[in-house]
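This report describes the chains one after the other, then the contact between them. Please keep the structure open while reading.

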Amino acid sequence: MARAVTTRRKTINTVAAWAIGLLIFFPILWTILTSFKTEAQAINDPPLFLFFDWTLENYAVVQERSDYMRFLWNSVIIAGGSTVLGLIVAVPAAWSMAFVPSKRTKDILMWMLSTKMLPAVGVLYPIYLLFIEMGLLDTRIGLTIVLMLINLPIIVWMLYTYFKEIPGEILEAARMDGATLKEEILYILTPMAIPGIASTLLLNVILAWNEAFWTLNLTAAKAAPLTAFIASYSSPEGLFYAKLSAASTMAIAPILILGWFSQKQLVRGLTFGAVK
Amino acid sequence: MGQITLNQITKSFGDVQVIPPLDLRIDDGEFVVFVGPSGCGKSTLLRLIAGLEDITSGEINIDGKDATEVPPAKRGLAMVFQSYALYPHMSVRKNIAFPLRMAGLDKAEQDNKVEAAAKVLNLTDYLERRPGQLSGGQRQRVAIGRAIVREPAAFLFDEPLSNLDAALRVNMRLEISELHQTLETTMIYVTHDQVEAMTMADKIVVLQAGIIEQVGSPLELYHTPRNRFVAGFIGSPKMNFMMGAFSAEYDAATIGIRPEHISVSHTEGKWSGKVGVSEHLGSDTFLYVDVDGLEDPVTVRSTGEVAFRHGDAVHLTPDPEKIHRFDNQGLRMA
């Protein structure tokens with residue numbers, strides 16, 4: 001049965017969608033706008049929306065006071081490294097769960113997910129002590145490993161869902177054709193799962209990039225990524241909203257651009273399997 | 001070489017035994033068909049031979065060597081799957097070359113073999129295409145091409161034609177038979193279609209519930225089925241079975257008579273009844289006759305066009321030489 005959608009209804013829906021979209025985007029927009037104001041304008045009452053003296057002064061001050069590139073580089077290494085490391089561990093794990101499931105596979109998946117339900121602060125103390133013991137405090141390798149571990153359940157879950165969509169017969173065919181397990185995963189499974197792996201990769205880069213609990217607690221200066229860069233402009237400085245906003249904008253810009261360009265891939269990845 | 005021996009093999013999934021102890025010998029160059037109703041274990045048996053499933057107990061020998069613990073890649077067998085299982089991200093050329101690449105052949109040798117196989121299978125013009133751009137029949141050929149390039153000891157086919165339409169199925173059936181005559185390699189073919197079994201096989205293995213009911217040439221199974229199950233499964237249309245007074249006359253618990261061994265007449269005959277449905281195929285006419293004293297209609301196959309219609313009173317006479325007698329266990333009586 002064809003559903004009659006009137007023009008009026010369409011208009012209402014469109015307006016509502018835009019309104020909700022803008023509402024969600026507003027805090028980011030406000031941060032970006034504030035970054036171009038002076039400190040006085042930033043706390044002006046009533047708030048100034050578009051009509052103020054636009055200035056780049058905050059960016060200059062922030063760049064002068066802290067080395068943006070160093071934080072950026074740490075973020076890239078930590079987010080990228082933890083994702084790649086996670087994929088290396090998760091691809092074989094998801095392979096075994098999808099293609100040679102045991103009676104306990106579902107339970108293991110649930111258990112892995114349940115680790116995400118534990119508040120991170122609950123394990124801060126033991127992990128902190130371990131880091132001291134192993135000399136990993138304020139190192140990029142230490143953070144890479146921790147972020148890999150906390151995102152691993154999500155990576156495995158996502159890959160498991162994608163792998164389930166691949167017919168097992170194709171892997172069996174590869175086995176009959178003489179492929180070893182490594183060759184089967186490398187030449188058949190991975191290329192077939194590229195769309196899924198790509199969206200898993202993107203999502204995890206974003207999650208790791210934005211992760212603020214562990215990155216703040218386990219770093220000091222050397223390995224601090226952009227989250228620490230933002231944090232350094234918040235509390236100790238008092239009410240320097242404009243500079244804080246400039247720092248935030250600089251920190252989120254790379255990931256925002258990455259997300260913008262890969263949104264098609266991301267949406268496809270997140271809805272993959274729902275509709276075949 | 002491709003001689004395969006199964007020695008007392010069994011397969012259980014959890015507590016359920018799907019293949020009770022089973023022995024089978026497949027000779028080099030034979031075309032063997034496993035046939036049976038769905039769920040009879042024929043595909044499982046094939047997968048045990050392929051190594052895709054582990055056997056629970058027993059022994060598999062390939063060319064005299066114990067292959068029970070050998071992984072599928074090392075058994076030297078090639079398999080064609082029901083879904084074709086082509087690699088969707090590779091061109092036809094790369095699909096066919098994949099087993100050769102895994103075997104470590106150099107590029108030039110791979111190309112030669114792929115081109116030769118493509119020529120045999122009429123795929124030369126499609127080598128650069130992806131499987132998604134091919135028709136069902138062409139995909140089937142690619143799957144066969146991928147199997148033949150590596151010159152396996154034996155080919156395993158798992159219901160390869162069931163995804164094709166009827167006309168194409170007949171064509172591919174002939175092509176596979178021709179391929180067997182050219183290559184003279186052992187082939188094991190699984191199907192639930194007894195017509196495929198009868199037309200292609202040197203040897204048919206009829207399975208039911210994991211048990212081999214009979215092994216023999218197509219005509220052996222047709223002429224001397226070992227039991228009622230085989231008698232009913234082989235032959236199309238199905239054999240008619242009669243019990244009670246009908247079988248008592250022949251000193252058997254059940255008698256079976258094939259539709260083509262019953263003659264039909266307007267005037268006289270052994271059994272009388274009424275025509276229920278008549279199917280006119282031109283070359284043959286199938287009559288479904290409700291015989292007095294029998295629950296199920298009797299199927300009669302007459303050559304050519306015969307003038308019987310729904311409701312006609314008819315008389316049927318079986319060819320006494322062609323009556324199969326079964327005892328109360330369903331086993332054939334001499």
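Helices and strands are named here as DSSP runs, helices being H or I runs of at least four residues and strands being E runs of at least two, with numbering from the N terminus. The model is predicted, so local features are reported only at pLDDT of at least 70 and side-chain atom pairs only at pLDDT 80 or more, while totals for chains, interfaces and linings use all residues. Residues are numbered from 1 along each chain as its sequence is written, and chains are lettered from A and ligands numbered from 1 in the order in which they are written.

## Chain A overall

Chain A contains 14 helices and zero strands, and its C-alpha atoms occupy a box of roughly 70 × 65 × 30 Å along the principal axes. Of its 276 residues, 33% count as buried, a residue being buried if 20 or more other C-beta atoms lie within 10 Å of its own, exposed if 12 or fewer do, and partly exposed in between, with C-beta atoms placed from the backbone.

Two residues are in contact if their C-beta atoms, placed from the backbone, lie within 7 Å. Among the contacts in chain A with a separation of 6 or more, 79% join residues 24 or more positions apart.

## Helix H13 of chain A

Helix H13 of chain A covers residues 241-261, and because its 21 residues should span 30 Å at 1.5 Å a residue, the 29 Å between its end C-alpha atoms agrees with expectation; the expected span is 1.5 Å times one less than the number of residues.

The buried residues of H13(A) run from Tyr241(A) to Met250(A) and Ala251(A), including Lys243(A), Ser245(A) and Thr249(A). The elements that cover them include helices H1 (7-34), H2 (39-42), H3 (57-65), H4 (68-99) and H12 (226-231) of chain A.

## Domains and local geometry of chain B

Chain B is divided into domain 1 (4-231) and domain 2 (238-326), with bounds that come from an automatic or database domain assignment. The C-alpha centres of these two domains of chain B lie 38 Å apart, and their contact takes four residues from domain 1 and six residues from domain 2.

Most residues other than glycine have a negative phi, and most peptide bonds are trans. The peptide bond from Ser236(B) to Pro237(B) is cis, with omega near -5 degrees, and Pro237(B) is located in the loop between helix H8 (228-233) and strand S11 (240-242) of chain B.

Ala85(B), though not a glycine, has a positive phi of about 50 degrees; this residue sits in the loop between S6 and H2 of chain B, and Ala85(B) counts as buried because it has 25 C-beta neighbours inside 10 Å. Asp251(B) also has a positive phi, near 65 degrees, and lies in the loop between helix H9 (245-248) and strand S12 (254-257) of chain B, but Asp251(B) is exposed, with 10 other C-beta atoms within 10 Å.

## Contact between the chains

The contact between the chains takes 18 residues from chain B and 15 residues from chain A. On the side of chain B that touches chain A, strand S6 (77-80) and helix H2 (92-102) of chain B each supply at least two residues. The residues of that side divide into 15 nonpolar, two polar and one charged, where Ala, Val, Leu, Ile, Met, Phe, Trp, Tyr, Cys and Pro count as nonpolar, Asp, Glu, Lys and Arg as charged, and the others, Gly among them, as polar.
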